[in-house]
Amino acid sequence: MSTSTASHASPGTDSPGVVGPAVLAALVVSAAGWLGLQSAPAEDDAAVAAAPPAAATPADLPGFRADAWYLPDDAQLGFVEIPAGRFFMGADPSTDPEAFDNERWSAASAQGTVDLPAYFIGRYEVTVAQFAAFATATGFGADSQAFEAPPDRPVANVSWPDALAYCRWLDGALRSGPQTPPALSERLQAGWQVTLPTEAQWEKAARGTDGRRYPWGEEMRRDRAALQNGGAGPVGGDPCPECPYGLPDMSGNVWEWTRSPLGPYPFDEANRGDLDADALWVMRGGSFTDPPRNLRTTTRGGADPGARRPFIGFRLALSPPSSTEPPR
Ligand SMILES: [Ca+2]
């Protein structure tokens with residue numbers, strides 16, 4: 001995979017932002033005038049191979065199970081089922097003046113409809129404690145900055161391969177661990193996999209089936225999302241009872257890596273990307289650094305797979321066999 005310093009152009013003339021290699025400015029500014037972070041962190045690989053501090057995996061973390069990989073303390077360990085069916089994907093610039101060009105489905109259709117089989121998505125963004133449990137168990141060489149936040153914050157400063165490595169490890173742990181709820185074990189045995197959500201899975205989980213602009217409805221609500229502040233809050237710190245599946249932080253807190261390469265719509269579930277190419281990978285939802293426009297359910301960010309940034313994390317999916325083929 002390439003993490004070269006080649007300049008990445010935004011795929012459209014109007015897209016929310018692209019995170020390139022660390023030697024470049026952290027966010028490439030869109031033609032629409034959105035200004036991202038102005039300063040870039042150090043080299044992506046400068047601070048790797050750090051062991052997590054003990055504080056990252058406390059003996060007790062309210063709301064999470066220290067005996068179950070620090071996953072959420074509920075009957076499904078935080079995996080929320082999204083029912084099968086169609087949903088509206090993308091945005092119509094004629095009805096949403098904040099829509100970026102790359103959210104339009106096609107020249108003929110502003111929005112698309114996508115039919116997805118049932119899947120599960122993580123209730124929360126993956127936390128520092130969860131990622132630290134992985135790094136401790138495996139000796140994975142993570143960026144030390146990934147463990148600087150409190151254990152209930154979303155893990156950030158993780159690259160796309162870092163996120164997938166965590167998913168693969170958790171997939172194996174869930175298959176072999178006695179803590180795994182039977183309903184999850186049965187699916188794993190049937191070929192389901194823990195991985196990142198596709199771009200379509202992320203968007204359906206965020207907006208449901210009615211095509212809404214934000215996870216909670218049509219208008220921005222600052223009491224529902226962490227945005228434009230100094231750092232990420234605890235996962236679930238802004239509950240969202242109006243959200244179609246009750247998932248907090250789909251908008252805001254940290255951007256979330258997806259398993260989809262950034263490309264023009266219509267979305268193609270069969271497009272797994274090409275790790276040998278200079279691909280960008282889609283991230284969704286905006287972050288604590290972003291303005292409301294980037295927190296819309298349809299905003300598509302893209303980042304170099306090697307980018308580790310304080311505002312990019314991820315969320316898990318448990319996907320059926322039909323949609324888990326790895327990138328080529
Ligand atoms: Ca988020």
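**Notes on the predicted model**

1. Let's start with the sheet: four strands, 4 strands in an open arrangement, run in the order 4-7-13-8 with antiparallel pairing. Strand 4 (79–82) and strand 8 are the edge strands, each having a single partner strand, so one side of each has no neighbour in the sheet. Ignoring direction, neighbouring strands here are turned by 30° against each other on average. Strands and helices are DSSP runs (E, at least two residues, for strands; H or I, at least four, for helices), numbered from the N terminus. Two strands count as paired if DSSP finds at least two bridges between them.

2. Some housekeeping before going further. This is a predicted model, in which local features need pLDDT of at least 70 and side-chain atom pairs count only at pLDDT 80 or more, while totals for chains, interfaces and linings use all residues. Residues are numbered from 1 along each chain as its sequence is written.

3. How confident is the predictor? The mean pLDDT of the protein is 85, and 81% of its residues reach 70 or more; pLDDT is the predictor's confidence in each residue, from 0 to 100. Over residues 1–13 the pLDDT is below 50, and this stretch has 31 contacts in the model beyond near neighbours in sequence. Residues 20–44 are also below 50, with 60 such contacts. Where pLDDT is low, the predicted coordinates should not be read in detail.

4. Overall make-up: the protein has 4 helices and 13 strands. Among contacts between residues at least 6 apart in sequence, 71% join residues at least 24 apart. A contact here means C-beta atoms, placed from the backbone, within 7 Å.

5. Strand 8 (residues 193–195) holds V194, and strand 8 is joined to strand 13 (residues 317–319) by 3 bridges, running antiparallel. T195 has A317 as its bridge partner in strand 13. Is V194 buried or exposed? V194 counts as buried because it has 25 C-beta neighbours inside 10 Å. Leaving aside neighbours within four places in sequence, V194 is in contact with C167, L170, D171, L174, L316 and L318. V194 and G172 are 22 residues apart along the chain, with 8.8 Å between their C-alpha atoms.

6. Helix 4 (residues 199–207) is mostly covered, with 9 of its 9 residues buried. Just after helix 4, G208 takes a positive phi of about 70°.

7. R213 sits in the loop between helix 4 and strand 9 (255–261), and it is buried because 21 other C-beta atoms lie within 10 Å. Not counting residues up to four places away in sequence, R213 touches D96, E218, R296 and T297. R213 and G90 are 123 residues apart in sequence, yet 9.7 Å apart in space, C-alpha to C-alpha.

8. Next, the helix pair. The axes of helix 1 (residues 128–138) and helix 2 (residues 160–176) come within 10 Å and cross at roughly 75°. The two helices are therefore roughly perpendicular, a label that covers 65 to 115 degrees (under 35 is roughly parallel, over 145 roughly antiparallel, the rest oblique). F131, F134 and T138 of helix 1 meet Y166, W169 and L170 of helix 2. These residues divide into 5 nonpolar, 1 polar and no charged. Axes are lines fitted to C-alpha atoms, for helices over the stretch in contact, and angles run from 0 to 180 degrees between N-to-C directions.

9. Last, strand 10 (residues 281–284). W281 and M283 point one way and V282 and R284 the other, and all are buried. Strand 10 is joined to strand 9 by 3 antiparallel bridges, and to strand 11 (residues 300–303) by 4 bridges, also antiparallel. R284 stands opposite E256 and has R300 as its bridge partner in strand 11.

Conventions. Two residues are in contact if their C-beta atoms, placed from the backbone, lie within 7 Å. A residue is buried if 20 or more other C-beta atoms lie within 10 Å of its own, exposed if 12 or fewer, and partly exposed in between; C-beta atoms are placed from the backbone. Ala, Val, Leu, Ile, Met, Phe, Trp, Tyr, Cys and Pro count as nonpolar, Asp, Glu, Lys and Arg as charged, and the others, Gly among them, as polar.
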